[in-house]
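Subject: Structure handover

Hello,

Here is the structure I promised to pass on. Please open it and keep it beside you while you read.

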Amino acid sequence: MTDNLKIVKCISIIVIITGILVMLGLILDIQVLKSISAGWISMKFMTSLSFILSGILLYTIAKTQEKYLLSAPIILLSCSIIILLFITTTLIGLLFGYDTGIEQLFIKELPNTAQTFFPGVPSVPTIVREVNN
């Protein structure tokens, strides 16, 4: 069981680091950190934030399997609520054709960004995948 927990913790750390690197790429405008290839669509700030929070969730769950953490319920609940609020707000905005502006709170994206409905909004498949997680 501990080998499986080590693997889960390693995966969660990789997810957190990926989210942080993308976030740094967006903040510092480093193209190689924003997307795998220059021609590809960049990861959005909310998606990278969801990566970080999901990695924290996964790590906390794995750590709780080893020993009880007093802070685990608070961490799990707060990360889950933040992800759910961001993604649900974005999805409702997309469904009703309304730019909520929540996507532009941290990073301003140009209005003519490829394959997005509103600047900073992740694609619909990305949002659906994040809601399903």
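Below is what I found in it, starting with the ground rules.

This is a predicted model, so local features need pLDDT of at least 70 and side-chain atom pairs count only at pLDDT 80 or more, while totals for chains, interfaces and linings use all residues. Residues are numbered from 1 along each chain as its sequence is written, and side-chain values use heavy atoms, with hydrogens and water left out.

**Overall fold**

The protein chain has five helices and zero strands. Read from the N terminus, its elements run α-α-α-α-α. Helices are DSSP runs of H or I with at least four residues, strands are runs of E with at least two, and both are numbered from the N terminus.

The chain has 133 residues, and 35% of them count as buried. Buried means under 20% relative accessible area, exposed means over 50%, and partly exposed is in between (1.4 Å probe, protein chains only).

Now contacts, which means heavy atoms within 4.5 Å. Take the contacts with a separation of 6 or more: residues 24 or more positions apart account for 58% of them.

**H1 against H3**

The axes of H1 and H3 come within 8 Å and cross at roughly 160 degrees. That makes H1 roughly antiparallel to H3. Axes are lines fitted to C-alpha atoms, for helices over the stretch in contact, and angles run from 0 to 180 degrees between N-to-C directions. Angles under 35 degrees count as roughly parallel, over 145 as roughly antiparallel, 65 to 115 as roughly perpendicular, and the rest as oblique.

The crossing of H1 and H3 is left-handed. That term applies if the near helix is turned anticlockwise from the far one by less than a right angle; clockwise is right-handed.

What sort of residues make up the contact of H1 with H3? They divide into 18 nonpolar, six polar and three charged. Here Ala, Val, Leu, Ile, Met, Phe, Trp, Tyr, Cys and Pro count as nonpolar, Asp, Glu, Lys and Arg as charged, and the others, Gly among them, as polar.

Two residues are worth a look here. Ser-48 sits in helix H3. Ser-48 is buried, with a relative accessible area of 0%. Leaving out residues up to four places away in sequence, Ser-48 touches Gly-19, Val-22, Met-23, Leu-26 and Met-43. Ile-7 lies in helix H1 and is partly exposed, at 49% relative accessibility. Ile-7 and Ala-62 are 55 residues apart in sequence, and their C-alpha atoms are 9.4 Å apart in space.

**H3 against H4**

Helix H3 (residues 45–66) packs with helix H4 (residues 72–95) at an angle of about 155 degrees, with the axes 10 Å apart. That makes H3 roughly antiparallel to H4. H3 passes H4 in a left-handed crossing. By class, this contact of H3 with H4 has 14 nonpolar, six polar and no charged residues. On the H3 side, the residues include Leu-49, Leu-53, Ile-56 and Thr-60. On the H4 side, they include Ile-75, Cys-79, Ile-82 and Phe-86.

**Salt bridges**

Side chains of opposite charge can pair when their charged atoms come close. A salt bridge is a side-chain nitrogen of Lys or Arg within 4 Å of a carboxyl oxygen of Asp or Glu. How many salt bridges does this rule give? The count comes to two.

One joins the side chains of Glu-66 and Lys-9, at 2.8 Å from N to O. This pair links distant parts of the chain: Glu-66 is in helix H3, Lys-9 is in helix H1, and they are 57 residues apart. Glu-66 is partly exposed at 37% relative accessibility, whereas Lys-9 is buried at 13%.

Lys-63 also forms a salt bridge with Glu-66, with the closest N and O atoms 3.6 Å apart. Both lie in helix H3, three residues apart, about one turn of the helix. Lys-63 is partly exposed, at 22% relative accessibility. Shared partners join Lys-9, Lys-63 and Glu-66 into one network.

**A loop residue**

Last, find Asp-29, in the loop between helix H1 (2–28) and helix H2 (31–34). Most residues other than glycine have a negative phi. The phi of Asp-29 is positive, near 55 degrees. Asp-29 counts as exposed, at 55% relative accessibility.

Best wishes
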